[in-house]
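Please read the numbered points with the structure at hand.

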Amino acid sequence: MTVPAPAPVPSAGPPAGHFDARPLLEPVNPAEVDAFARAQRTAHPSSAGQIIAWVFAGFALLCVVPVIAIMIMGLGYAIGRGTGVAIGGVLGLLLLAGLVVGIVMLVRRGIRTRNLTRFRLARFAQANAMSYFGRIDDPPLPGMIFSSGSARMSTDVLRGVDPRFVEFGNYQYTTSNGKQSQTHRWGYVAVKLDVPLPNIVLDALGNNTLGSTIAGAFSGDQRLSLEGDFDRYFSLYCPAGYEVDALYLFTPDVMARFIDHAAQLDVEIVDDWLFLYARREISTLDPATWAWLFGAVGALLTKLDQWARWRDDRLRLAAPAPQHPPLPAYGAAAPVPAGSPALPFAAPQALLTPPPGVAPPGQRLRRRSPWLIVGIIVGVMFVVTMAPFAIGIFSFLFLG
């Protein structure tokens, strides 16, 4: 997939290198906003889906307007015959003109607001040493939300690369059950790690509403209870057999950072990525939201260096053994080639340390089987359907 180039960056006064929220709120030059919008349209022309949506909207308007006009003239005819029809026709034209003007004004206002938001975010990105991307279709990220549904896209993406790759963005995808569709919206922060780590999910308990939980798809036997107050804020899920590794990664000081700065965010570690998920858009014009996110990421970055030292011993144990010539019989003296150096009594460090990476059992959490849910539904339907027949047979046999 081709990742789009960053949006043209408008000029900004303050220098980069520190958190600066002024571009989110300070006055702007309308001419600069218009120039930025034209550059955006040139770089990202309207998609086929957007054109089709506009065509359907125009077609619906053409279908609705005649129906309303006929109803108005019919009402005028019922009230005043010919004069009423004329008055109804005039009123219908006035209503149509008002409707068209109102729709045009709403669309123009929406476009103007959207362009202003993008312009401010682009200036904010530049002031904070980042790049702005208006839209990325089907982003190639391994997080759990990036593989669900269809029409997947990230919008208002801000990306930085120093001291490490960090991306902030809004994300949406659509699911459908055949009769109706639903659009799911998220905010996310993606942080590139130094090495691949086991697939670990922290379900924030503070953002679970009406039983909604990001970890609902995972098998419950993968939940790991940690010490202290961590279980009051997060439910931690890790692959079976990686409990000790999770304790190594989530030391008390790391857990304290998550509690203090990310207790309202769901967290996922997958491959060499750390994701923070919010159940709302985070790339906004709200300075408080950005200050919170920058503080959370900055607090976590100071603890990621110790994660870079983690290695999966299963890779070393699972590696195929090197092929050696047959050893002499037990106790027999093996011939030593002339001039051979003495064998050191310390193995090379490379042979004791596994390579960076994660063995297959730890790469992904095990999900709940959908067949269990299907079986329960089928069982309930069978019981409900057969219960009257069973009661009738029981009554006939035992109650006469």
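1. The chain exposes about 24100 Å², with carbon and sulfur atoms supplying 66% of it.

2. This is a predicted model, in which local features need pLDDT of at least 70 and side-chain atom pairs count only at pLDDT 80 or more, whereas totals for chains, interfaces and linings use all residues. Residues are numbered from 1 along each chain as its sequence is written, and side-chain values use heavy atoms, with hydrogens and water left out.

3. The chain has 10 helices and 7 strands; these are DSSP runs (helices H or I, at least four residues; strands E, at least two), numbered from the N terminus. Of its 400 residues, 34% are buried, meaning under 20% relative accessible area with a 1.4 Å probe, protein chains only.

4. A nonpolar core is a set of buried Ala, Val, Leu, Ile, Met, Phe, Trp, Tyr and Cys residues joined through side-chain atoms within 4.5 Å. The largest has 51 residues, and strand S4 (residues 181-204) gives the most to it, with 8 residues. Apart from this core lies another of 18 residues, including Trp186 and Val201.

5. Helix H4 (residues 252-262) and helix H5 (residues 287-301) pack at an angle of about 175°, with axes 9 Å apart; axes are lines fitted to C-alpha atoms over the stretch in contact, and angles run from 0 to 180 degrees between N-to-C directions. H4 and H5 are therefore roughly antiparallel, a term for angles over 145 degrees.

Key: Buried means under 20% relative accessible area, exposed over 50%, partly exposed in between (1.4 Å probe, protein chains only). Angles under 35 degrees count as roughly parallel, over 145 as roughly antiparallel, 65 to 115 as roughly perpendicular and the rest as oblique. Accessible areas come from the Shrake-Rupley method with a 1.4 Å probe; for residues, only the protein chains shown count as cover.
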